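Here is a short briefing to read with the model open beside you.

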Amino acid sequence: MSRAIRRIYVEDEVADHPRTLAILERFPKAERISCERYGEVFNRRTQDFRLQKRRPALILARKHGTRVLPTPPGYGIGGERNFYFSHMLNCVYDCRYCFLQGMFRSAHYVLFVNFEDFESEIASITARDGDSWFFSGYDCDSLAFEPITGFAESFLPFFAGHPAAHLELRTKAVHTEALLDREPLSNCVVAYSFTPEAAHAELERGVPTVSRRIRAAAELQAAGWKIGLRFDPLIYGDSFREDYRGLFESIFESLDPALVHSVSLGAFRLPKSYFERLYRLHPEQRLLAGRLEERDGMVSFPAEWEAEMTDFCTAELRRWVGEEVFHLCTVPAG
Amino acid sequence: MIRIVTALAAEARPIVSRFRLQPDGDGPFRLYRGDQVELVVSGIGSSAAAAAVGYLAGAGAGRASAWLNVGIGGHRDATLGTPRLANKIVAAGGARAWYPPAVFEPPCGEGAVQTVDGVESGFAGEAVYEMEAAGFYPAALRFATAEAIQVLKVVSDNRATGTEHLNGAKVEELIERNLPVIDGLVTELREIAEFLDRRSAPPPALAEIDQRWRFTVTQRRQLERLLRRLATLDPDRPVELDELAGAASSRAVLERLRSRL
């Protein structure tokens with residue numbers, strides 16, 4: 001992964017931040033380019049996400065304004081107060097269903113190095129509201145960039161000291177050393193995202209295989225970490241029943257279903273504008289060229305397919321886990 | 001098609017020769033064409049470079065294109081002849097900056113390029129100082145995506161050796177020496193242009209169907225989208241005119257194609 005970073009843009013304001021200096025030290029050969037604000041590089045029009053995905057750069061920036069936001073309705077795993085925060089924009093993986101590719105113009109990775117400001121905001125919210133959930137993998141994969149960002153390494157000790165703050169790390173990554181090297185936290189859930197093998201092969205570029213992810217989740221569970229399972233997006237296909245049944249069986253051969261913290265499902269869906277951008281980037285992708293419909297500004301599978309998939313997967317999963325850990329999600333997922 | 005803009009005829013000559021370009025027309029800018037490369041000589045300065053981009057975009061052939069600005073510039077202490085691919089372009093006065101992304105391994109070193117209004121001798125910063133990039137780059141962005149636009153500067157003067165030593169022959173020699181780098185960039189840009197061309201190419205049978213029935217603008221867009229989707233979903237069964245033969249109207253054509261999804 002580190003070989004892929006050849007350019008690092010650094011906002012003037014964070015040029016001397018200790019995290020900036022530590023990251024730059026890891027990439028002595030990368031070109032360093034100063035910029036005033038990350039948006040000058042990241043938000044410019046006339047960029048091609050797919051071309052940039054060949055060789056994304058890293059942008060080190062400061063997150064200004066409100067850093068921790070309420071989640072959209074329909075996003076959560078049972079908690080009453082749900083928030084999300086993005087220490088990073090974009091993901092090292094290249095999933096062809098991912099809304100990030102429709103949302104951002106650039107494929108560069110933006111890392112907000114001022115973790116301490118996120119942490120103090122989370123502390124304030126928890127002091128004000130009491131028990132709250134904080135989702136970290138909304139605009140990025142929580143752990144995929146861990147060897148470079150040290151995100152978990154920094155945030156886990158913080159959450160250890162704030163038991164009313166609950167953290168979800170959502171990921172497809174298999175390097176879990178940052179977690180295995182420390183005591184598990186009762187207020188942290190490591191949520192693994194899965195699609196069946198066939199969808200993985202067609203749609204998830206650069207993502208660890210399903211079996212490696214299962215192994216990583218099982219190792220974490222054995223070490224005492226709470227594991228969440230995310231089947232979001234559900235992908236329709238002629239053999240979706242066999243595919244998902246096989247996936248669930250593989251997962252529960254390795255994981256103890258009784259110890260699974262939460263399971264959530266959500267069918268493939270994207271806001272229309274994101275979908276249009278994604279389709280223009282990948283017109284040859286069968287998923288995007290196939291039967292999809294627009295309903296209430298969202299593009300998704302036909303309602304009957306969606307219901308068929310959701311009902312089937314719910315029923316199959318209920319063979320393994322109880323209703324109380326089950327959640328349907330209606331917000332686009334990556 | 002790769003479109004190259006140089007400020008000086010001396011910068012252009014080695015490139016014209018390398019790609020066997022032929023002079024074309026007698027318009028406001030000197031224009032050269034080849035099979036895969038077109039070149040225009042803009043004259044000195046940002047405005048001239050921007051105008052030349054517009055001229056070449058209008059006069060050029062081919063669909064998707066990539067753009068390259070090649071020229072000389074001064075640097076504080078870099079060796080004469082050093083090539084620099086721009087990773088940041090700063091307009092004169094520092095009011096605006098652009099960051100050309102590189103989605104390929106650059107064939108040479110990279111660095112910032114500072115556009116100035118006149119000859120620079122102070123070289124306060126680490127950048128290459130020159131006079132066109134901040135005009136060329138935003139103008140080219142009107143016609144291509146940022147990844148398909150690059151700026152290459154060859155160091156022609158520095159604090160030790162000023163511009164007084166420069167003449168046409170010397171400029172030509174500096175560019176000539178960097179033809180392998182230019183070649184490398186042209187190869188990379190060509191691949192990008194071809195990729196973009198393939199991705200946006202009209203789907204098979206679009207022109208024939210469009211000629212046979214009368215589509216509104218909206219319907220034509222729907223037709224193109226349907227044909228593109230079918231080409232992805234059913235690549236072994238291309239849409240044939242015969243299967244649409246009985247369709248009484250453009251709407252019937254669209255319905256028939258939709259039923260194949």
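A search of the whole structure, which is a predicted model, turns up 3 cavities of 30 Å³ or more. The second largest cavity holds about 100 Å³ of space, and residues from both chains are among those closest to its centre.

- By class, the lining of the second largest cavity splits into 7 nonpolar, 4 polar and 3 charged residues.

**The largest pocket**

- The volume of the largest pocket is about 1,200 Å³.
- There are 36 residues in the lining of the largest pocket, and those nearest its centre are A:Glu276, A:Arg277, A:Tyr279, A:Arg280 and B:Arg225.
- Two or more lining residues each come from H12 and E16 of chain A, and from helix H5 (179-200) and helix H7 (217-233) of chain B.
- Which element gives the most to this lining? That is H7(B), with 8 residues.

**Where chain A meets chain B**

- On the chain A side, 33 residues are in contact with 32 residues of chain B.
- Between them, the two chains bury about 2,700 Å², and carbon and sulfur atoms give 47% of that area.
- Within chain A, the residues that lose the most area to chain B are A:Arg7, A:Leu51 and A:Arg55, which together make up 22% of what that side buries.
- A:Arg55 also takes part in a salt bridge across the two chains, with its side chain meeting that of B:Glu105 (3.3 Å, N to O).
- In total, 6 salt bridges are counted between chain A and chain B, and 23 residue pairs are in polar contact, both at pLDDT 80 or more.
- The elements of chain A that give two or more residues to the side touching chain B are strand E1 (7-11), strand E2 (31-35), helix H2 (39-42), helix H3 (49-52), helix H12 (272-281) and helix H13 (286-289).
- H12(A) supplies the largest share of that side, 5 residues, and H12 of chain A also gives two or more residues to the lining of the largest pocket.
- The side of chain A that touches chain B consists of 15 charged, 11 nonpolar and 7 polar residues.

**Salt bridges across the model**

- Over all chains, the structure holds 45 salt bridges.
- One of the salt bridges in chain A pairs the side chains of A:Glu168 and A:Arg230 (2.8 Å, N to O).
- Because A:Glu168 sits in strand E10 (residues 165-171) of chain A and A:Arg230 in strand E13 of chain A, this pair ties together parts that are 62 residues apart in sequence.

**Backbone details to look at**

- Most peptide bonds are trans, and most residues other than glycine have a negative phi.
- A:Asp232 and A:Pro233 are joined by a cis peptide bond, with omega about 15°.
- A:Pro233 belongs to strand E13 (residues 226-234) of chain A, the strand that also holds A:Arg230.
- Where in chain A does A:Asp296 lie? A:Asp296 is in the loop between strand E16 (293-295) and strand E17 (298-300).
- A:Asp296 is not a glycine, yet A:Asp296 has a positive phi of about 55°.

Terms used. Residues numbered from 1 in each chain as written. Chains lettered and ligands numbered in written order. Predicted model: local features only at pLDDT ≥ 70, side-chain atom pairs only at ≥ 80, totals over all residues. Heavy atoms only, no water. 1 Å grid on protein atoms, 1.4 Å probe; cavity = no way out; pocket = protein on both sides within 12 Å on 5 of 7 lines; lining within 4 Å. Points joined across faces, edges and corners; volume = space filled by probe spheres on them. Nonpolar A, V, L, I, M, F, W, Y, C, P; charged D, E, K, R; others polar. Contact = heavy atoms within 4.5 Å. Buried area = accessible area lost by both parts, 1.4 Å probe. Salt bridge = Lys/Arg side-chain N within 4 Å of Asp/Glu carboxyl O. Polar contact = N/O pair within 3.5 Å; in protein donor to acceptor, adjacent residues only side chain to side chain. Helix = DSSP H or I, 4+ residues; strand = E, 2+ residues; numbered from the N terminus.
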